[in-house]
Amino acid sequence: MDERLEKALDFSNFMVTLHNQLRVFKEQYYQNLICYYSGGQFTVTQELITFCNMMSTRGYKEIILIDDNENPIEIEKLEDFLTQILDIYFRASNSYLNDYNKIKKERSVKNLVDL
Amino acid sequence: MNTSKGIVLFARNNEKIDYLKQAYFLAKKAKILLNLPTTVVTDSKLYLIEKYPDAEEVFDNIISVVWKDNNQHEQTVLSKNEDHSLKTYRDGTLSKSKLKFKNRLRSSVYDITPYYETLVLDTDILLLDNIYSFCFDQCDDFLIYDSSYDLANFRKTSEFVFVSDAGIKFYWATVVFFRKTHINKIFFDLLQHIEDNWYHYKSIFQINQSYFRNDYAFSIAIHIMNGYNQGSFAKSMPGKLYHTTDKDICWDIENDRIVFLLEKEKYVGEYTALSWKGTSIHIMNKFSYNRCIDKVIYNV
């Protein structure tokens with residue numbers, strides 16, 4: 001095979017693997033953003049954090065939220081819930097960033113899957 | 001009130017696939033990650049105990065069932081006539097075999113389970129996190145996934161959205177959580193009725209597959225429980241269900257990390273490597289999964 005084509009195909013294979021790996025990192029990031037609280041399931045979003053923070057700042061101690069399964073869930077300790085969702089947000093984001101930074105530096109298929 | 005909770009697995013080996021190995025591995029992982037006891041329902045109790053001498057410690061209960069081809073002299077708590085369908089099992093894109101598909105009995109899980117709160121898992125689920133423990137902390141009595149994410153991400157998944165082109169919504173019987181309630185008793189009785197009259201329901205709901213499949217039976221039963229409509233009888237399991245098909249290869253398992261070779265789009269026999277970490281996953285290629293389990297089964 002022409003060496004030029006061989007090199008291009010190697011790179012092409014690497015790019016497919018890299019693309020797949022980045023895709024599953026993002027998937028796992030969203031899975032890691034899920035918070036279970038008072039029997040409800042909440043995907044932590046910036047909107048949820050902002051809303052809870054705003055309600056807390058306004059002095060509310062408890063609120064009702066609709067969870068991912070569309071069940072109304074009573075959050076009896078808003079401050080505690082806010083701490084938990086912030087913790088989940090930071091942990092998931094840090095893990096995603098670490099994985100992303102590691103993969104960004106790699107230049108071979110073997111190293112991509114050995115991470 | 002009985003508040004016991006645990007996992008129930010159905011593991012019935014065929015000519016080539018050792019489901020008991022997967023069940024044994026899964027029960028060990030479940031004890032560590034979910035802190036839950038596991039009951040296994042099998043037609044090969046003697047084989048299980050012979051192959052894994054600590055099986056009676058690993059499993060909370062081992063329940064024997066009769067597989068009518070076998071001439072076993074084991075104590076039997078269940079007996080059922082089955083038609084032994086054949087199913088194509090692949091090991092990557094290039095290798096396949098037609099083997100017996102012993103998937104009946106799941107509809108009896110309501111009567112079989114010794115637990116008030118039961119998590120039913122396929123044995124080919126690889127537990128890598130504790131996500132399923134949240135089932136026990138929420139208020140809905142019946143949970144099941146209505147979708148699953150294919151790691152290869154290019155294959156057509158319409159068969160996992162509806163049971164047929166003009167059919168009803170598809171549910172995955174791979175992971176199911178339920179409590180012993182009056183309503184759930186009605187559901188599982190209905191499920192048994194559907195199983196007993198499978199050819200009728202298969203025809204009514206325009207299902208083309210030749211063999212009985214639990215996913216379809218659950219989908220039909222949920223549809224009926226919802227008043228022949230989409231509704232809220234079944235709620236979603238925590239998080240997402242992820243899967244690789246039997247055209248992908250499970251290459252290596254090391255702690256909470258697993259390497260797959262995913263089928264490559266448009267290149268039969270070629271694969272793309274993928275590393276997966278810390279999230280439970282449904283691995284449909286039983287051959288390659290069993291090969292990987294062999295390397296780590298005693299290290300759990």
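In this predicted model, the place to start is the meeting of the two chains: 18 residues of chain A are in contact with 20 residues of chain B. The biggest giver is α1(A), with 9 residues. Sorted by class, this side of chain A comes out as 7 nonpolar, 9 polar and 2 charged residues.

So much for chain A; over on chain B, α1(A) lies across β13 and β14, running at about 30 degrees to β14(B). Those two strands belong to an open sheet of 3 strands in chain B, ordered β12-β13-β14 and paired antiparallel. Since β12 (249–254) and β14 (271–277) of chain B sit at the edges with a single partner strand each, one side of each has no neighbour in the sheet. On average, neighbouring strands here are turned by 20 degrees against each other, direction ignored. Between β13(B) (residues 257–263) and the antiparallel β14(B) there are 7 bridges, and I258(B) stands opposite W276(B) of β14(B).

Back within chain A, helix α1 (residues 3–32) also packs with helix α3 (residues 78–105): their axes come within 9 Å and cross at roughly 170 degrees. With angles over 145 degrees counting as roughly antiparallel, that makes α1(A) roughly antiparallel to α3(A). From α1(A), the contact draws on L18(A), Q21(A), L22(A), F25(A), Y29(A) and N32(A), which meet R91(A), A92(A), S95(A), Y96(A), D99(A), Y100(A) and I103(A) in α3(A). The residues of this helix contact split into 8 nonpolar, 3 polar and 2 charged.

Technical notes
Residues numbered from 1 in each chain as written. Chains lettered and ligands numbered in written order. Predicted model: local features only at pLDDT ≥ 70, side-chain atom pairs only at ≥ 80, totals over all residues. Axes fitted to C-alpha atoms, helices over the stretch in contact; angles between N-to-C directions. Helix = DSSP H or I, 4+ residues; strand = E, 2+ residues; numbered from the N terminus. Parallel < 35°, antiparallel > 145°, perpendicular 65-115°, else oblique. Contact = placed C-beta atoms within 7 Å. Nonpolar A, V, L, I, M, F, W, Y, C, P; charged D, E, K, R; others polar. Pairing = 2+ DSSP bridges.
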